[in-house]
Amino acid sequence: MRILAVGILVAVAGAGLAQQPTQQPDPCDTKHRVVADITYCDRYWECVANAPQLYDCPNGLVFVGRNRGITEGCDYPWRGAYCENKQLANPPIKTEHCDWKYGIFGHETSCTRYWTCWNSTATEQFCIGGLLYNEDSHACDWPQNVRGCQKHPLCKEDPNANVPLGKSCERYWACQGGYPRLQRCPATLVFDKQSRRCVNPPTVDCEVLTTTPSPEEERLAPRSGPPVPRPQRRRPTLQQTEPVQDEAQFVSDNDLQNSPPSRPVLPAGGNFRPAPIPGAIPLN
């Protein structure tokens with residue numbers, strides 16, 4: 001029985017090896033007219049004018065199938081086992097922030113930021129809601145799922161801790177995913193360097209908080225002493241004046257009411273649109 005079982009396993013394994021293609025299929029013999037290369041995962045064959053033509057995916061992408069992926073039938077290699085038992089034909093083309101022309105890559109100094117590269121153009125992106133960039137999944141993830149990351153020097157000990165700011169009792173650095181952000185304690189609280197949080201004073205390093213008012217606060221604050229009267233603005237008196245008659249003839253109000261309004265002088269030509277109001281007659 002054991003010999004029979006071993007024989008069955010060998011036969012199944014041999015059938016599996018026989019199913020692997022050893023010769024490149026002709027895309028002109030297939031329905032979709034496109035087939036993947038059997039050696040390189042970033043190349044594919046397409047039938048053009050009844051003849052097979054070899055194409056390369058954009059740098060950093062691999063072939064996944066016709067009308068699939070993010071562009072030209074190609075996609076990011078980590079989205080599937082597209083390169084299993086295959087190799088890449090093209091080396092990476094590196095630019096600033098981009099290891100390949102197309103891809104998603106981690107930030108140099110922050111764990112909450114990353115770069116999306118499209119045709120060698122890098123765009124900075126941000127993880128929100130306390131998430132960190134995961135180099136393995138190439139996406140934002142919970143901090144407990146991220147195994148180490150490149151951190152800012154201020155946050156090298158703990159990527160999500162609070163760091164004192166010199167001798168300041170009010171301000172401190174709040175590390176979020178390895179990137180420091182300057183913060184201030186709420187009013188009447190001071191930053192405790194032992195517990196690394198805002199507490200009620202006094203502490204070992206800070207006494208009761210005293211603040212110096214800003215120039216704007218001093219200007220708005222009430223002053224001691226008798227109130228200074230505010231100067232009052234005088235209203236201009238209206239004087240009844242008589243109409244001034246120049247050399248031209250003076251026109252009275254009755255004449256204005258009885259005389260029809262004069263039409264404006266329009267330039268010659270028919271370049272005016274009809275009136276937008278229904279029933280209105282445009283001026284000629």
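1. Glu124 is partly exposed, with a relative accessible area of 27%. Here buried means under 20% relative accessible area, exposed over 50%, and partly exposed in between (1.4 Å probe, protein chains only). The side chain of Glu124 meets that of Arg113 in a salt bridge, 3.1 Å from N to O. The term means a side-chain nitrogen of Lys or Arg within 4 Å of a carboxyl oxygen of Asp or Glu. Glu124 lies in strand β8 (residues 121-126) and Arg113 in strand β7 (residues 113-118), so the pair ties together parts that are 11 residues apart in sequence. Arg113 counts as buried, at 13% relative accessibility. Helices (H or I, at least four residues) and strands (E, at least two) are DSSP runs, numbered from the N terminus.

2. A word on the source. This is a predicted model, in which local features need pLDDT of at least 70 and side-chain atom pairs count only at pLDDT 80 or more, while totals for chains, interfaces and linings use all residues. Residues are numbered from 1 along each chain as its sequence is written, and side-chain values use heavy atoms, leaving out hydrogens and water.

3. How many salt bridges are there? The count comes to 5. One of them joins Arg43 and Asp56, with the closest N and O atoms 2.7 Å apart. Arg43 is in strand β2 and Asp56 in strand β3, so this pair ties together parts that are 13 residues apart in sequence. Asp56 is partly exposed, at 36% relative accessibility.

4. Glu46 and Arg66 also form a salt bridge, at 3.8 Å from N to O. This pair links distant parts of the chain, 20 residues apart: Glu46 is in strand β2, and Arg66 is in the loop between β4 (62-63) and β5 (74-75). Glu46 is partly exposed at 22%. Arg66 is partly exposed too, with a relative accessible area of 41%.

5. Now the strands around Arg43. β2 pairs with strand β3 (residues 51-56) in the antiparallel sense, over 6 bridges. Two strands pair if DSSP finds at least two bridges between them. Arg43 stands opposite Asp56 in β3. The hairpin of β2 and β3 has 2 residues between the strands, and Ala49 takes a positive phi near 55° there.

6. Asp42 lies in the loop between β1 and β2 (43-48). Asp42 is buried yet has no salt bridge. Which side chain of opposite charge is nearest? That is Arg43, 5.2 Å away. Lys and Arg count as positive, Asp and Glu as negative; His and the chain ends are not counted. The side chain of Asp42 does reach the backbone nitrogen of Ala89, at 3.0 Å.

7. The largest nonpolar core has 12 residues, among them Val34, Tyr44, Cys57 and Phe63. Such a core is a set of buried Ala, Val, Leu, Ile, Met, Phe, Trp, Tyr and Cys residues joined through side-chain atoms within 4.5 Å. Apart from it lies another core, of 5 residues, including Tyr172 and Phe191. In soluble globular proteins, nonpolar side chains tend to be buried together.

8. Cys28 sits in the loop between α1 (2-19) and β1 (34-36). Is Cys28 buried or exposed? Cys28 counts as buried, at 17% relative accessibility. Asn50 is 22 residues from Cys28 in sequence, but the two are 6.2 Å apart in space, C-alpha to C-alpha. Leaving aside neighbours within four places in sequence, Cys28 is in contact (heavy atoms within 4.5 Å) with Arg33, Cys47, Asn50, Ala51 and Pro52.

How values were computed
A polar contact is a pair of N or O atoms within 3.5 Å; within protein, one must be able to donate a hydrogen and the other to accept it, and residues adjacent in sequence count only if both atoms are side-chain atoms.
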